[in-house]
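Trainee: Please take me closely through the surroundings of the ligand, and then through whatever else in the fold deserves a careful look.

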Amino acid sequence: MTEASDIPVRVRPEVAALPPYKQGRQAGADAFKLSSNENPFDPLPGVVEKVRDAAAFNRYPDASAARLRARLAERFGVTADGVHVGAGSVSILAQLVQATAGPGDEVIYAWRSFEAYPWLAVVAGATSVQVPLAPGARHDLDAMAAAVTERTRAIIVCTPNNPTGPIVTQAEFDAFVEKVPSDVLVILDEAYAEFVTDPDAVNGLRAPGGHPSPNVVVLRTFSKAYGLAGLRVGYAVGHPRVLDAARSTAIPLSVTAQAEAAALASLDAEAELLERVRVIAERRDALVVALRKTGWDVPVAQGNFVWLPAGAQAIDIAERFVEAGLVVRPFAGDGIRISVGEHESVDKVLMIAASVVEDLPEDHSGRTEA
Ligand SMILES: Cc1ncc(COP(=O)(O)O)c(C=O)c1O
């Protein structure tokens, strides 16, 4: 954090007070990086080839990512202007929040959830309204609907919820959208949609034509299931005029030709990529079962990560993982998120998890009764 008085020019005080974005820790050569929910598989050779051939570096990319938008539009049964591509879905989140909320306006989201949400609201000059998660580390959509005021401009629903893991069901989401005023933007952040195996989970793009409510925008990314985190490409599907507002706030030309080519090549290679996703989802399910056996009260996990509710000991326990060559992501006072990574990392995670659960007090909520 920087004091506004240390800065030689006048900076908005709320921006000066912002801690800089904290990335998941980098891992040494012999450690497993399980801190950023990345895909542990190497990129497919065909995708790498397409990136290499994409375009000369001295040329700007197509600002509208038209080929990728057309491809996604066809897939989801919408027009091309009903798709918006950004340099990662986080950039589209920022655009949507900036387009809808400014000083005096409120942005509602669950907490704890994706750590970028509070930052997005501050940068837009808006006020965050954080609604605590319900038992089971799930969204409390009734409480979120009840938190809507005249000042609410955007609501973010993260499913599966990063970092805790549970999904919102289709029935819960439909009932929620019914309750929200139709002129309030609802952002359905489905960054981990492809890893979901619960048939009751919401899927904002289930039916052709996108989500039927014009105030709902669905966000997806190529960073996770498709393994393109380093190239920065994500997309939104929604009402064209809502997406126009996001496009108006976007920094032009931020999606590179290489990112667009990689996304297109990944869609071509989707069967192979989704097979990898299936492997990770199975690994996750096995990990959750085994972690619960060690005594951890792990919530339902539907993304490519699991959550250890370590409470006040999150930082200390995370350090024990790091010492063992497992770089995990602690959230001080709350818990530890561990990405489902390489096959070889799983036994190590279980070993450390079992050894540290002993240190939790008997009545700690992170421990199961058993
Ligand atoms: C819930 C959620 N939304 C959005 C993102 C942003 O992903 P990207 O900007 O890489 O598309 C992430 C990344 O971790 C996430 O966890």
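Mentor: A residue is counted as near a molecule or strand when one of its heavy atoms lies within 4 Å of it. The model is predicted, so local features need pLDDT of at least 70 and side-chain atom pairs count only at pLDDT 80 or more, whereas totals for chains, interfaces and linings use all residues. Residues are numbered from 1 along each chain as its sequence is written, and side-chain values use heavy atoms, with hydrogens and water left out.

There are 13 residues around the ligand, and those that come nearest are S89, D189, Y192, T221 and S223. By class, this shell holds 5 nonpolar, 5 polar and 3 charged residues, where Ala, Val, Leu, Ile, Met, Phe, Trp, Tyr, Cys and Pro count as nonpolar, Asp, Glu, Lys and Arg as charged, and the others, Gly among them, as polar. For polar contacts, the cut-off is a pair of N or O atoms within 3.5 Å; within protein, one atom must be able to donate a hydrogen and the other to accept it, and residues adjacent in sequence count only if both atoms are side-chain atoms. S89 places a backbone N or O atom 2.6 Å from an oxygen atom of the ligand, while Y192 places a polar side-chain atom 2.6 Å from a ligand oxygen atom, and a side-chain N or O atom of S223 is 2.6 Å from an oxygen atom of the ligand. The ligand taken alone exposes 390 Å², of which the protein buries 92%; such areas come from the Shrake-Rupley method with a 1.4 Å probe, and for residues only the protein chains shown count as cover.

Turning to the fold, helices (H or I, at least four residues) and strands (E, at least two) are DSSP runs numbered from the N terminus. Strand 3, residues 106-111, is largely enclosed by the rest of the structure because 5 of its 6 residues are buried, buried meaning under 20% relative accessible area, exposed over 50% and partly exposed in between, with a 1.4 Å probe and protein chains only. Two strands pair if DSSP finds at least two bridges between them, and strand 3 pairs in the parallel sense with strand 4 (residues 127-132) over 6 bridges, E106 having T127 as its bridge partner in strand 4. Between these two strands the chain passes through helix 5 (residues 116-124), and this β-α-β crossover is right-handed, that is, with the strands pointing away from the viewer, the path from the first strand over the helix to the second runs clockwise. Strand 3 also pairs in the parallel sense with strand 5 (residues 152-158), over 4 bridges, and there I108 stands opposite I155.

The bond from W111 to R112 is cis, with omega near 10°, and R112 sits in the loop between strand 3 and helix 5. Likewise, the bond from N162 to P163 is cis, with omega near 15°, and P163 belongs to the loop between strand 5 and helix 7. R232, in the loop between strand 7 (216-221) and strand 8 (234-237), has a positive phi near 65° and counts as partly exposed at 33% relative accessibility.
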